[in-house]
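Keep the sequence and the 3D view open as you read.

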Amino acid sequence: MESLLMILAIAAPIILILGIALNFYKISKMPLNVRWEIYPIPHEIGEKRKYGGSYMEELNWLEKKPERYTLGEYTEPFKEILYLHKVKKFNPYGIWIWSMALHWGIWLLFLWMGILIINSVFNLEVASKLSVLAYLSYILGCIGVLGLIIKRVTTHNLKIYTSPIDYVNLIFLLLLFSSGLFSVINEIGVKESINYMEGLFKGSIYLDELSSITILHFVFFKLFLIYIPFSKFFHGPVKYMTYHKILWDDMYQVKGSEEEKKISEQLNYRVGWAGPHILSDKSWLDNAKNTNLHDKV
Amino acid sequence: MEKLKDIAKETNQPIITINNEDLLSLSPYIDEKDETYKTPDDWFDKYDLSLDGFSGFPFLNPSEEEKKEIVSKFLNGIKKLLNPQSNWTFYKPFYLSLKHCVKCNTCAEACHLYIGSGKKEIYRPNFRSEILRRIHKRYFTTSGKILKSFVGADIEVTYHLVRRLLELAYRCTLCRRCALYCPVGIDNGLIARELRKLFSQELGMAPVEVYKKGTRLHLQVGSSTGMKPHAFREVIKFIEEDIHEKTGKKISIPVDKKGADIMLLHNGGEYLSWPDHIAAFAILFDAVGINYTLSSEALGYDGVNYGAWYDDVELARVGLRHLQIAHELGVKKLVIGECGHSHKVYTVIFDRILPASSPLWNIKRESCIPLMWEIVKSGAVKLDPMRNNFPITFHDSCNIVRLMGIVSPQRKIINAISPGTFREMKPNGAYNYCCGGGSGFAIIRSLNFPVFRNKVSLRLKTKQILDTFSDVLNQDKPKVVVATCSNCKGALRDMIKTYGLFDKYKINYSGLVDLIVNAMVDIPPFFNFEEMEE
């Protein structure tokens, strides 16, 4: 059993990292899409960033060096990560408070686990002093999940879009947070968590000294890590792609660039569509040049 | 609607009905109590009105054999949307939007059509996307094939479903406001466009006005209006004469002038519906001595590209031809006239349709709006803001603001040429609401689709305009909605007619260049408000 827990503890973060990396690799290998940005874009300069302006507001923009506020592109996502500001501002179903609780439960859980790791690696005594983070994480997580389950069950406009697997995901999170809460409900629980992590780093977990609920909580956490890249939980990391690589990707092509190379290759892809106006076996370039084409039939 | 899979109901009857009392209220401005639209009874047997009682597709119902083929082709089409080669243009954003939605429905209130309809479920931006996601899961993923409804793969593809999805693809104006609202960056507007693309590129199904009388006609005769090159030259002559009559100026509009700095590309519809708008450009450019030309080559005088709304192959064909014409003329720059989708196609989308080393790519492509602002700012033409002394608001074209970030110059222009009478709609700029006529809605005239457009799709913008002018509505003076897009102007024209806004409130519309020229002091006022209503 100890060995299994050790293997799981080592494998989970590796699978998480590899899973996310693999997903990102797959997405990055997808064809370069046509530009499809949406404004406001946070790397625009000055007021443009606020009102949604672009370099195309200038005359002869191609002759000017594009100015960018790169930092903006990397600070903007924190509004969503830390505050879910779009959900707060636009969601009409009152899910923001529950979603915030759940997301902060998750952020604090990662923080707590990080503190446990630092505590073990550097042999510090900080974890017990910061155990309030664990309590906060578990309580917020439980409240958030319960709130979201109730919202999804009772709000018709959410309910009809929710599949059993979505409830399973939420229940899984509830198990994760509630097991954590039960494990730290008394002072011994926090100590057990510290001991468990220290045991992992020393290569020996003493199961006899741990309660079942603590073991179970850590097992749930590891499973959660493994599950992230292969489930709806990947909606967090994928935002890097949807925003930075699509909706905020407003840079025009440059001669000799990697983008140009890709576009040249992609124009030679076979179209493959069967519509009456399409030369199915020909390339995109051949089809585009075929401006005098009348219907095939 | 009880369940999403109700969309596959085996019935010819509409799955929802739209009644006046359900719609977003236009009270106290408009009284619609006595207006009820009734679909001719025989249409329910003859055509397919099974989505919402409306249709833009005058196809007769197919035989059972044909229905099977349509279902099979539809599934093939999904496969091709998910093929990186067949769909390289949009594969990545489509795939990510299909896969990673968390179904929080934050996008709902972004949609003018959903709100205008009184929040009918089928118009929610995420509704059609979720149907497609469930079909994709059911037929193309292992988890969906095994676990079915447990993972949401609970929708069977039937002819009724496919037919309703065809309609539903044309219940979204592709304004992509929903994408702006999404906390995950999911683009439900794109999914609607991908559905349109699937129907066109695999099944050859698209509204007559965008396909047969749209891109096909454009490529075959030179313009989606049906205008041939010789007719174009006649129109130019007529416009020159008209300018002379109205202003006393003898202006020769440059056509096919080799080596000009600029080729100006107007929406072809302007020549026939709003020739004054073309005249306004000619007057302004002539006044400041811009070295430009129009093209009389087939396609060269019609800058629309309806492919942007439904078909990547047609998009590429029309666009490529436009660039070839500009290249043959040897111009340095292609300037896009006041046409929203054309702006986006040539400045944004076409950035990656050709490699940067192509001579065609190297023709600079810009909006006319910054150029107009430079003209106004420079003082090269003398303008009297008091000529525009009437309440003015500005309707943003989604393509120009949200989808390419040109927001400020048009406002600077209006502020400079009006005496403080400009008022913003709320919301505006990148957060504007679509006029309701985008993505082909303004030109689709088949069956009872125009009733849907006028009553549902134009509704929120109608309310927004009336709210904006609420303090001056009953004053006996013209109120002008300025728009820099032909489609938007078409929608405003329909709106003014449908709701009697001109007769009741003297609300009218115009292009931006028209407003500038109206302020030019060396010619008589350009607007004639008594003639503008049509």
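## A loop residue in chain B

Ser252(B) sits in the loop between helix H11 (229-247) and strand S1 (262-265) of chain B. Helices (H or I, at least four residues) and strands (E, at least two) are DSSP runs, numbered from the N terminus. Is Ser252(B) buried or exposed? Ser252(B) is exposed, because it has 9 other C-beta atoms within 10 Å. A residue is buried if 20 or more other C-beta atoms lie within 10 Å of its own, exposed if 12 or fewer, and partly exposed in between, with C-beta atoms placed from the backbone. Along the chain, Ser252(B) and Gly226(B) are 26 residues apart, and their C-alpha atoms are separated by 24 Å.

## About the model

This is a predicted model: local features need pLDDT of at least 70, side-chain atom pairs count only at pLDDT 80 or more, and totals for chains, interfaces and linings use all residues. Residues are numbered from 1 along each chain as its sequence is written, while chains are lettered from A and ligands numbered from 1 in the order in which they are written.

## Domains of chain B

Chain B is divided into domain 1 (4-203), domain 2 (222-371) and domain 3 (381-518). These bounds come from an automatic or database domain assignment. The C-alpha centres of domain 2 and domain 3 of chain B lie 23 Å apart. Their contact takes 25 residues from domain 2 and 24 residues from domain 3 of chain B. Two residues are in contact if their C-beta atoms, placed from the backbone, lie within 7 Å.

On the domain 2 side, H13(B) gives the most, with 8 residues. By class, that side has 13 nonpolar, 8 polar and 4 charged residues. Ala, Val, Leu, Ile, Met, Phe, Trp, Tyr, Cys and Pro count as nonpolar, Asp, Glu, Lys and Arg as charged, and the others, Gly among them, as polar.

## Where the chains meet

74 residues of chain A are in contact with 74 residues of chain B. The largest share of the chain A side, 6 residues, comes from H11(A). By class, this side has 42 nonpolar, 21 polar and 11 charged residues.

## Helix H9 of chain A

Helix H9 (residues 187-202) of chain A has 16 residues. At 1.5 Å a residue it should span 22 Å, and its end C-alpha atoms are 23 Å apart, which agrees. The expected span is 1.5 Å times one less than the number of residues.

Buried residues in H9(A) include Gly189(A), Tyr196(A) and Met197(A). The buried residues of H9(A) pack against helix H5 (96-121), helix H6 (132-154), H8 and helix H10 (212-227) of chain A. Gly203(A) follows H9(A), and its phi is positive, near 85°.
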